[in-house]
Amino acid sequence: MDRVKFDGLKSRDWLVYKYPNDKIVMGSQLIVNEGQVAVFVKGGQIYDLFYPGTYRLSTDNLPILSNVLNLFYGNKTPFSSEIYFINLATKLDMYWGTPDPIQIIDPKYFVKLRIRSYGQLALRLEDPLLFFKEIIVSLHKDDLVVYDKVQDYFKGMLITNIKTTLANKIIKEKISALDITAEIPSITDDLKVRIAEEFELYGFQLINFHIQSINFPDEDFDQINALLKDIAQMEMLGEHRYEKKRSLDIYEKAASNREGTDTFKTHLNKSLLNHSHTKQCPSCNESIPSTSKFCNLCGAKIEAKIICPTCNYENEEDSKFCSSCGTHLAKQVCECGNELHPVDRFCNNCGKEV
């Protein structure tokens, strides 16, 4: 008696095994191990399916095939038929990863991020007939089909769904790069539902799906850190003083880049002097000392003006409120005696909150 059986592989890393002998004799013994199913195929058409157990092939358990063969010439005549063993055991260690980064704009800091992700999934074949019809005809006629080939077959679908779902969730729910780690469970749930639907079309059940990491390059994170530093400085100094500090930083940086240029240094010193100790004559537009009441070049009278810190409107010297926006123009003095700017939140002398 012939015996048709496949004991699997030690690694268990197999999915489909085609029995090498396609000449089957009625009366042969078919043994299907636990976690397997055997499929009888003739001429590319599925005729019978056998689950774990021991069978004696006969007209009783192969009635459809028997009718096709018309076995009036005896049960010992070999007939041409293919037997495929399919592994139904759960495959736990299947890994996935995005081969190229997902490029999106951070919805909070507006920095371009290059996000990568990787993880693990587990599959179990629930509908071997559906799988056989949809997949086997698309693969090469190898005697042994390993999970890697199936994973390659699904790779395009898997990665496309992961990229699309991940990008949509970050953009629509405005998840910043700094908050992605905390949102991994939620993102995992959304991806699991989407991917499970795709695998069901081919007879697989998605048992588990994990995201082990969602990450982006250090240089992307450095851009966000620089923005956070600037925001912290503005909160501490106030918007007006922060802008002034930024202007001085730009001058200093430019000066360091042209360290050997005397002309630029002279221009820098003049600019800093103009900001701190001089003002412009309204008549001849020349720089004069900030305390001047008359221009020492053209003799024009310099009328004192109070610049509104809110709208920059020029008010008369004795104005208490801005004529344009109503901002209070009276000078504020800290308890330490230091004069404060209207937009200051902390005293720059003693550090006390205003």
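This is a predicted model: local features need pLDDT of at least 70, side-chain atom pairs count only at pLDDT 80 or more; totals for chains, interfaces and linings use all residues.

Visitor: What makes the meeting of Lys169 and Glu173 a salt bridge?

Guide: A salt bridge requires a side-chain nitrogen of Lys or Arg within 4 Å of a carboxyl oxygen of Asp or Glu. The side chains of Lys169 and Glu173 meet at 2.8 Å, N to O. That value lies within 4 Å, and therefore the pair is called a salt bridge.

Visitor: Why is the link between Lys169 and Glu173 also called a polar contact?

Guide: The cut-off for a polar contact is 3.5 Å between N or O atoms. The side chains of Lys169 and Glu173 are joined at 2.8 Å, so the pair falls within that limit.

Visitor: Why is Lys169 called buried?

Guide: Buried means under 20% relative accessible area. Lys169 has 7% relative accessibility, and therefore it counts as buried.

Visitor: How do you know that Glu173 and Asp190 are partly exposed?

Guide: Partly exposed lies between the limits of 20% for buried and 50% for exposed. Glu173 has a relative accessible area of 44%, and Asp190 has one of 34%. Both values fall between the limits, so both residues are called partly exposed.

Visitor: Where is Lys169 found, and with which residues is it in contact?

Guide: Lys169 is found in helix α3 (residues 147-172). Leaving aside neighbours within four places in sequence, Lys169 is in contact with Lys174, Ile175, Ser186, Ile187 and Asp190. As for Ile187, it is 18 residues from Lys169 in sequence, and the two are 7.4 Å apart in space, C-alpha to C-alpha.

Visitor: What makes Arg124 and Glu126 a salt bridge?

Guide: The closest N and O atoms of Arg124 and Glu126 are 2.7 Å apart. This is within the 4 Å cut-off, so the name applies.

Visitor: Are Arg124 and Glu126 buried, partly exposed or exposed?

Guide: Arg124 has a relative accessible area of 26%, and Glu126 has one of 43%. Each value lies between 20% and 50%, and therefore both residues count as partly exposed.

Visitor: How do you know that strands β10 and β12 pair?

Guide: Two strands pair if at least two bridges are found between them. Strand β10 (residues 91-97) and strand β12 (residues 112-125) have 5 bridges, in the antiparallel sense, so they meet the requirement. Among the residues involved, Tyr95 has Gln120 in β12 as its bridge partner.

Visitor: Which other strands pair with β12?

Guide: Strand β11 (residues 102-105) is joined to β12 by 4 bridges, and the two run antiparallel. Here the bridge partner of Ile104 is Leu113 in β12. The hairpin of β11 and β12 has 6 residues between the strands, and in it Phe110 takes a positive phi near 55°. Strand β14 (residues 204-215) also pairs with β12 in the antiparallel sense, over 10 bridges, and Leu123 stands opposite Leu206 in β14.

Visitor: What makes β1 and β7 edge strands?

Guide: An open sheet is formed by 3 strands in the order β1-β4-β7, with mixed pairing. The strands β1 (3-5) and β7 (53-56) each pair on one side only, and they are the edge strands. Neighbouring strands of this sheet are turned by 15° against each other on average, direction ignored.

Visitor: How do you know that β1 and β4 pair?

Guide: β1 and strand β4 (residues 29-32) are joined by 3 bridges and run parallel. The requirement is at least two bridges, so the strands count as paired. In this pairing, Arg3 has Gln29 in β4 as its bridge partner.

Visitor: How many helices and strands does the protein have, and what share of its residues is buried?

Guide: The secondary structure comes to 7 helices and 20 strands. Of the 354 residues, 35% count as buried.

Technical notes:
Residues are numbered from 1 along each chain as its sequence is written. Side-chain values use heavy atoms; hydrogens and water are left out. Buried means under 20% relative accessible area, exposed over 50%, partly exposed in between (1.4 Å probe, protein chains only). Axes are lines fitted to C-alpha atoms, for helices over the stretch in contact, and angles run from 0 to 180 degrees between N-to-C directions. Contact means heavy atoms within 4.5 Å. A polar contact is a pair of N or O atoms within 3.5 Å; within protein, one must be able to donate a hydrogen and the other to accept it, and residues adjacent in sequence count only if both atoms are side-chain atoms.
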